[in-house]
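Subject: Handover of a structure and the findings on it

Dear colleague,

I am handing over to you the structure shown below. Please read the notes that follow with the sequence and the model at hand.

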Amino acid sequence: MALNFRFAVASDLHIAVPHTIAEQAHRFHLVEVSIPALELVLEHLSKLDIDFLLLPGDLTQDGEPENHTWLSKRLAALPYPVYVVPGNHDVPVKFANDYSIGLADFPSYYHHCGYDYQQRLYYTEQVLPGVRIIGLNSNQFDTSGKQEYTGGLETEQLDWLQQILTTAEEELVMVMIHHNVIEHLPDQSNNSLGRRYMLENRLVLLDILQYAGVKLIFTGHLHVQDIAEYQGIYEITTGSLVSYPHPYRIIDFSTDANGQQSLKIESHRVNSLPNLPNLSNISREWIGDRSFHFMSKLLTNPPLNLSPEVAKKLAPSLRYFWADIAAGDAVLDFPNFPPHARRYFQSFSTTNNIDNNATLLLP
């Protein structure tokens, strides 16, 4: 079947209606722009002939019922289907409390976004003839109900996934999950700062997907623009609408006359808003202003293990390091750093320039 369709991806919306915005001195997320930024994206999409929209988690600031309700109603009013999965901010507690919904409550808010009134936290739906989306829940909780830092898929969900894939052999399957499955940063799965963004049993999932011939995974969580590949599987992670550079993607899937399937990816940014004409500059500085503590940890933790004194001297040079990573396609060099530290930060540089705009040929 010759498949040709267009869709969009926006991630980590962190929707916060004004009265729910939590004042936290060092928060990274510009949740004040969550609704106007989303509205600008939706206005753009209204001018395009898209077939559906993917939202890979962290839909709300911190799981507030008011924010889930607002977003659910807004998505229901769109003229195209929307598919979502829960992020860690959407279900920060396993059981509902005075501030947040519980894990089991999530599907009821998004019955029209893939869940179809079922209570499971994962689903599958044929979005177009020959095209199937599988939405997975990667949130996990300990025995006390506290959310785990890393993501994971329980055995029941993995068994369900394998069963679904055996019935979808003739379809193009796209998987959406909040946590990263493929590394987007150097040695991410082993780094104490990067590991929390990854799926704990990612290799099990990758084996299942590879055996079934699945080529496409869509994720969020990390707040960066990045495209990574693992043995013929591409993972496209999209940055957050509430942090620099406020990106979203428009993707064209096409099949040429020879049957070659390709994915043309275009990235767009919300650079300004009516009340924030210089949003891009403000959000870049916002991250820079909050970078010192994080960069100090990166310098003093493995693999660099620099002393606090050295880290204090080097951290100011890394003021825009994370903003540059978040933007995608970064080329980084810090020639004044010690040689091993310089090499380490150079390893974060892009090698293929495909994080924002690319055409991927599917094997």
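A right-handed β-α-β unit is made by E5, helix H5 (residues 155-166) and E6. Please bear in mind that the model is a predicted one.

E5 is joined to strand E6 (residues 172-176) by 5 bridges, and the two strands run parallel. Within this pairing, Arg132 has Val173 of E6 as its bridge partner. Helix H5 lies across E4, E5 and E6, and its direction is at about 180° to that of E5.

Strand E4 (residues 123-128) also pairs with E5, here in the antiparallel sense and over 5 bridges. Leu128 is found opposite Val131 of E5. E4 and E5 form a hairpin with 2 residues between them. In the turn of this hairpin, Gly130 has a positive phi of about 85°.

**The sheet that contains E5**

Which strands make up the open sheet of 6 strands, and in what order? The order is E4-E5-E6-E7-E9-E8, and the pairing is mixed. E4 and strand E8 (226-230) are at the edges with a single partner strand each, so one side of each has no neighbour in the sheet. From one strand to the next, the twist averages 25°.

At the E8 end, 5 bridges join E8 to strand E9 (residues 233-237), and these two strands run antiparallel. The bridge partner of Tyr230 in E9 is Ile233. Helix H6 (residues 202-212) packs on the sheet and touches E6, strand E7 (216-219), E8 and E9. The direction of H6 makes about 125° with that of E9.

**A second sheet**

Another open sheet is formed by 6 strands in the order E3-E2-E1-E10-E11-E12, again with mixed pairing. Its edge strands are strand E3 (82-84) and E12, each of which pairs on one side only. Neighbouring strands of this sheet are turned against each other by 20° on average, direction ignored.

Within this sheet, strand E1 (residues 5-9) and strand E10 (residues 247-255) run antiparallel and are joined by 5 bridges. Phe7 stands opposite Ile251 of E10. Helix H1 (residues 34-46) lies across E1, strand E2 (52-55), E10 and strand E11 (261-269), running at about 25° to E10.

**Aromatic residues**

With ring centres within 6.5 Å taken as the cut-off for a pair, the count comes to 19 aromatic pairs. One of them joins Phe106 and Tyr115: the ring centres are 5.7 Å apart and the planes stand at 85°, so the pair is edge-to-face. Phe106 is buried at a relative accessible area of 0%, and Tyr115 is likewise buried at 0%.

How far apart are the ring centres of Phe321 and Phe348? They are 5.2 Å apart with the planes at 80°, so this pair is edge-to-face. Phe321 lies in helix H10 (residues 321-327), and Phe348 lies in the loop between helix H11 (339-346) and strand E12 (358-361), so the pair ties together parts that are 27 residues apart in sequence. Phe321 counts as buried at 2% relative accessibility, and Phe348 counts as buried at 11%.

One aromatic cluster is formed by Phe5, Phe7, Phe52, Tyr83, Phe218 and Phe253. Among its members, Phe7 is the residue that stands opposite Ile251 in E10.

Finally, two arginines are placed over aromatic rings. The charged end of Arg196 sits over the ring of Tyr197, 5.8 Å from the ring centre. Arg290 lies over the face of Trp286, at 3.6 Å from the centre of the ring.

With kind regards

Definitions and conventions. Residues numbered from 1 in each chain as written. Predicted model: local features only at pLDDT ≥ 70, side-chain atom pairs only at ≥ 80, totals over all residues. Heavy atoms only, no water. Pairing = 2+ DSSP bridges. Helix = DSSP H or I, 4+ residues; strand = E, 2+ residues; numbered from the N terminus. Right-handed = clockwise from strand over helix to strand, strands pointing away. Axes fitted to C-alpha atoms, helices over the stretch in contact; angles between N-to-C directions. Contact = heavy atoms within 4.5 Å. Phe/Tyr/Trp six-rings, centres within 6.5 Å; stacked < 30°, edge-to-face > 60°. Buried < 20%, exposed > 50% of the residue type's maximum accessible area, 1.4 Å probe, protein only. Lys NZ or Arg CZ within 6 Å of the ring centre and 35° of its normal.
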